[in-house]
Amino acid sequence: MADQVKIMILSGVREQGKDMFAVQVNDEIFVLDAGLKYPDSSLFGIDLVIPDLDFFEQYGDQVVGIFLTHGHADSIGALPYILRKYDIPVFGSRLTIELAKITVKRENKRCKNSLFHIIDAETEIDFKHANISFFHTTHSIPDSLGIDVHTPAGELVYTGDFKFDPTAAPKYRTDLDRLAEIAQKGVLALLSDSSNAESTAPNVSEQDIGDYVTNVFRNAQGRVIVAAKASNLLRIQEVLNAAAKTNKRVLLTGRDVAKIVRTAMELGYLDVPKGLLMRVKDLKTTPENKTVILETGQMGEPLNSLQKMAQKRHSMISIHQGDLVFISTTPSHAVETMVAQTSDLVYRAGGTVIELGRQKHTTGHATGRDLQLLIDTLKPKFVIPVIGEYRLLEVHKTLAQKAGIKAENIFITKNGDCLNYDFKQQKLYLTDPVPGEDTMIDGSGIGDVGNIVLRDREILSDDGIFIAVVTIDRRKKKIVAQPQVTSRGFVYIKANHQLMHDSVELIKKTINNNFEHKKFDWTEIKQDVRNDLERFLYKKTNRRPVVLPVVMEVNQNRHRAMQRRNNKPDGDQRNSHHPVDLNSTGQKIVKKD
């Protein structure tokens with residue numbers, strides 16, 4: 001049988017986060033990363049977004065493993081939902097696997113530990129039709145790896161999130177020698193990080209960032225309150241180093257920091273001098289100019305906590321005069337507004353704010369120059385920009401062309417695209433798509449919220465809801481009770497009595513008209529009420545609330561039974577031969593003959 005090589009774009013293009021790609025070699029599929037993304041404001045009530053799980057429904061028996069590049073949520077966040085149903089082996093570096101276990105056990109305590117396999121940059125895994133190996137990369141978390149899939153057509157290289165920084169500590173440094181080795185084998189295709197492709201300025205080295213953080217701490221007159229992502233261990237290490245150099249003590253707060261920091265410390269990825277950390281009770285005895293409070297969490301959580309501190313609603317800490325708030329990570333576009341709001345609240349509370357991203361150009365992702373250096377090193381035949389919004393993919397394409405890659409050999413893909421390699425013509429071409437839709441996580445529900453539900457939530461947020469309740473007797477074709485109307489988020493009822501009254505009259509008119517001219521149908525009568533109310537309310541208010549008609553029918557059987565009971569003569573009542581009396585406590589006493 002002829003060899004077959006496919007590259008599947010499952011998720012992670014034309015968006016930020018939710019990275020998941022796959023390489024198929026004959027009947028084996030290798031999944032690269034399984035991440036999530038946090039929803040923007042348009043996804044009302046959604047907690048998380050993960051890749052399309054239908055892929056595993058269709059191809060699960062061919063998936064031989066999930067291979068992880070690093071321990072951030074955009075790489076490991078979808079694992080709990082995949083492993084809940086499918087027993088697929090997971091491969092990653094020591095720290096990545098430990099963080100993956102924490103993530104999975106939070107949602108699925110029964111997950112088997114035997115599914116997790118620790119590898120390193122020296123590991124090679126032989127499968128039936130392919131070989132998987134790894135190489136060190138630089139990112140904001142240690143033990144980050146790139147992945148090389150050796151196929152009959154050549155090497156397929158996936159970088160994950162990466163950048164180049166020659167001054168990085170050894171555990172964070174990209175292995176350029178290993179990249180050169182891979183290049184010598186012949187790289188068929190490069191799937192490379194596009195998140196920072198627009199940047200023309202070089203990243204400031206992490207050594208310079210560490211010195212800057214130390215100076216900030218040294219010049220602070222009062223407490224320093226640091227906001228950071230719990231998974232950004234590089235930045236957390238720099239904060240701990242700066243505190244140690246300036247003789248300050250650190251209080252760790254935040255939901256995720258305890259587990260992550262404890263795990264990193266146990267594995268030797270965080271260096272924490274003895275006596276540096278303190279507990280909440282130590283705040284009273286530690287001078288303010290010797291205090292650092294490290295507030296961590298997921299994407300927006302540190303900012304939420306800072307807002308509570310500024311508004312004196314935090315359970316432990318309140319921001320006051322003299323405090324310095326240091327926002328130590330570069331915010332994404334999705335939270336820039338939140339950063340501005342947080343800064344305003346901090347200043348109102350008497351503190352000051354320093355944003356690292358405004359003072360220094362720092363990120364965990366490759367600049368345009370880095371991307372060209374990688375292309376020049378690996379010399380791939382095909383380039384597939386991944387991990388980034390559409391404009392970033394286009395910028396990456398332009399950079400690749402300038403680096404010598406032909407335009408027809410660069411593929412701007414979308415989620416669900418599948419590229420097949422033609423061995424005869426030595427070309428990649430699009431073939432039948434694979435599942436590539438979003439799966440929404442809302443509470444405990446997985447994928448049960450779709451576009452229709454989101455559209456309803458959007459309408460509810462815009463114009464509210466209008467509820468009409470009416471009880472009818474369909475046999476007699478009449479309305480039994482006065483219709484009741486109410487609303488939420490639409491109008492203030494007490495100030496709109498006339499609108500409510502007119503709505504009731506319209507409901508009665510619509511139902512009576514239905515009785516007179518149409519054959520009774522539950523769906524049709526509710527649709528008539530909904531349509532007439534929607535037109536009427538828009539005409540009166542220029543708003544389109546969600547109209548929810550509730551039409552109930554009087555219980556005919558119960559109604560007839562009550563009539564029969566009421567029409568019975570007194571002597572015909574059940575148990576009438578047993579006189580009934582009530583004692584002094586109100587209890588019923590049946591006197592037997």
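A: We begin with Ser 144, which is placed in the loop between β9 (131-136) and β10 (145-151). Helices (H or I, at least four residues) and strands (E, at least two) are DSSP runs, numbered from the N terminus. This is a predicted model, in which local features need pLDDT of at least 70 and side-chain atom pairs count only at pLDDT 80 or more, while totals for chains, interfaces and linings use all residues. Residues are numbered from 1 along each chain as its sequence is written, and side-chain values use heavy atoms, with hydrogens and water left out.

Q: Is Ser 144 buried or exposed?
A: Buried means under 20% relative accessible area, exposed over 50%, and partly exposed in between (1.4 Å probe, protein chains only). Ser 144 counts as buried because its relative accessibility is 1%.

Q: Which residues does Ser 144 touch, and what does its side chain reach?
A: A contact means heavy atoms within 4.5 Å. Not counting residues up to four places away in sequence, Ser 144 touches Thr 69, His 70, Phe 135, His 136, Thr 137 and His 139. The side chain of Ser 144 also reaches the backbone oxygen of Ile 141, at 2.9 Å.

Q: What is the phi of Asp 143, and where does this residue lie?
A: Phi of Asp 143 is near 65 degrees, a positive value in a residue other than glycine. Asp 143 lies in the loop between β9 and β10, and it counts as buried because its relative accessibility is 13%.

Q: What is the phi of Arg 14?
A: For Arg 14, phi is near 60 degrees, again a positive value in a residue other than glycine. Arg 14 belongs to the loop between β1 (5-11) and β2 (20-25). With a relative accessible area of 40%, Arg 14 is partly exposed.

Q: How far apart are Asp 282 and Arg 249 in sequence and in space?
A: Asp 282 and Arg 249 are 33 residues apart in sequence and 9.5 Å apart in space, C-alpha to C-alpha. Asp 282 is found in the loop between β15 (277-278) and β16 (291-297). Its relative accessible area is 19%, so Asp 282 is buried.

How values were computed:
Polar contact = N/O pair within 3.5 Å; in protein donor to acceptor, adjacent residues only side chain to side chain.
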